[in-house]
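Q: Please take a close look at how charged side chains pair in this model, and then follow the packing of its helices. I would like one connected account, with the cut-offs spelled out.

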Amino acid sequence: MTAAPTTDEYRTLITRALGVALDADTDGPDLRRLFTPSSHRLALDPDVTVVRGARGTGKTYWAKALTDPELREVAARSYMMPRLRRVRVTTGFTTGGSADTPYPGKRRIARLLREGTDPEVFWCAVVMMALGIPEIASIPDWADRIRWAEENEDAYEDALRKADREARDSGETRVLLFDALDHLHADRKTADRLVSALFQVALELRLTTGALRAKIFVRPDMYDSAPKTFPDASKLGANAADLTWSRENLYGLLFHRLGNHPSAEAEKFRAQYGEWLVQSEGRFVAPVDLIADEKCQERAFVALAGPYMGTDRRKGHTFTWVPNHLQDGKGRVSPRTWLLALRTATDLTAERYATQQYPLHYEAIRESLHEASRVRVDELKEDIGWAATAIEQLEGERVPIEPSVVRQCWERGGLTEILRHMREDDDENSGPRAAADDPIGLIDELVELGVLTERTSGALDLPDVYRLAFDIGRKGGVPRKS
């Protein structure tokens, strides 16, 4: 049997395989690294219209992968979904719209809306452009395209019937992908109106055609805040999927990345865990037990990090400790946060604990939570700014914390007035659904978002993935940085 990688070789492999860029906008999918977690199968079904996923869970990753025939083939094989081989995918919206795309960029959208464009008409024009309808594609300017779509309502329905018939005749499903909806507009209320109109147009495609489908990747908070007052809106939720990551999936992702790095260290790693299936162009598929059996996964992770988060079991087992401390109040762990924490722990171990026996030292793992928390909180500030503002006002406190103490902190910090200004400021994302002066409603909403958790005693807690970057203490927990 091939010798196991040395400690230094393991560290080199982890550093290189996990990489530096962990954002799908700069580090897109490729044949070797594309991982197909079991829980994502439904999200790729062409008939599923809405795919909800928080930051870093794979929305943009899958949107990009589905546009690549080679990566679609990997997904079709992995998920035993032959229908993915008979789809034609076109991007209906993502970042970077230009004259060469069937959708405009963010600034052009803002200008069109200022000129009075109806959001539903806008998306109808985008759909026709994505389907390559000649009558509208021949018009060079978006304002004129919108005007044409508004003046030729019957042409839209005729175009859909024709495109549907052609797709049926060819045995294909035409899938229009919509991603990066947080880049639609700087004003969240306007973005909500655009998303709502997109939902309506997408639902109409599903209900009135047999071979034309929209697939919309959207953050859960944007899905919830977009008005759904149009007919049959309830069918959206019944036809939605969520990008979730179980602990088994997270470890499967890690081992898939390690086994698919093009290096001698990766070859040594693969040799320790049974037969890896070799696919085209150097892609390796791990044995089922390394991807799906937690006992096997734990043995593999213990080889990297040792069994305990200290000198004995009293500090916790590494296998469960790491994902548990990276999850939010809903038990969700972002794979981006997961990989970032492990990559950071590897670097810290090499700097501070280079001579210890395992590639990852437990103190380095504990310290890596601070970087993971910083990134997660930065994302929260961008996505749900009011929630970050509310938690910022608890700085210096310690959890668990009584709701009455939270209310006092908010009163001292003037949160009510801050939230009212946020709602009035067009450049801010939307505020809470609850009234700005309703602390109980705000707390309930933060619990619903997974930012806070509520104990059976009624006290409030804050997951470490948020707590550390907000400089909030916990007795006996991972300490704040001094």
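A: The structure holds 41 salt bridges, a salt bridge being a side-chain nitrogen of Lys or Arg within 4 Å of a carboxyl oxygen of Asp or Glu. The model is predicted, and for that reason local features need pLDDT of at least 70 and side-chain atom pairs count only at pLDDT 80 or more, whereas totals for chains, interfaces and linings use all residues. Residues are numbered from 1 along each chain as its sequence is written, and side-chain values use heavy atoms, with hydrogens and water left out.

Side chains of opposite charge can pair when their charged atoms come close.

D464 and R474 form another salt bridge, at 2.6 Å from N to O. Because D464 belongs to helix α24 (residues 464–467) and R474 to strand β11 (residues 473–474), the pair joins parts that are ten residues apart in sequence. D464 is buried, with a relative accessible area of 7%.

The side chains of R219 and D221 also meet in a salt bridge, at 2.9 Å from N to O. Both partners are buried, R219 at 7% relative accessible area and D221 at 15%. They belong to a network of salt bridges that also links R55, D182, R188, D192, E382 and D383.

Turning to the helices, two packed helices are described by the angle between their axes and the distance between the axes. Helix α18 (residues 335–352) packs against helix α19 (residues 362–383) at an angle of about 140°, with the axes 8 Å apart; axes are lines fitted to C-alpha atoms, for helices over the stretch in contact, and angles run from 0 to 180 degrees between N-to-C directions. That angle makes α18 oblique to α19, since angles under 35 degrees count as roughly parallel, over 145 as roughly antiparallel, 65 to 115 as roughly perpendicular, and the rest as oblique. Among the residues that make the contact are R336, L340, T344 and L348 of α18, and E367, E371, V375 and E379 of α19, where contact means heavy atoms within 4.5 Å. By class, this contact of α18 with α19 has eight nonpolar, four polar and six charged residues; Ala, Val, Leu, Ile, Met, Phe, Trp, Tyr, Cys and Pro count as nonpolar, Asp, Glu, Lys and Arg as charged, and the others, Gly among them, as polar.

The axes of helix α6 (residues 119–130) and helix α9 (residues 153–170) come within 11 Å and cross at roughly 35°. C124, V127 and M128 in α6 meet Y156, A159 and L160 in α9, and the residues of this contact divide into six nonpolar, no polar and no charged.

Key
Helices (H or I, at least four residues) and strands (E, at least two) are DSSP runs, numbered from the N terminus. Buried means under 20% relative accessible area, exposed over 50%, partly exposed in between (1.4 Å probe, protein chains only).
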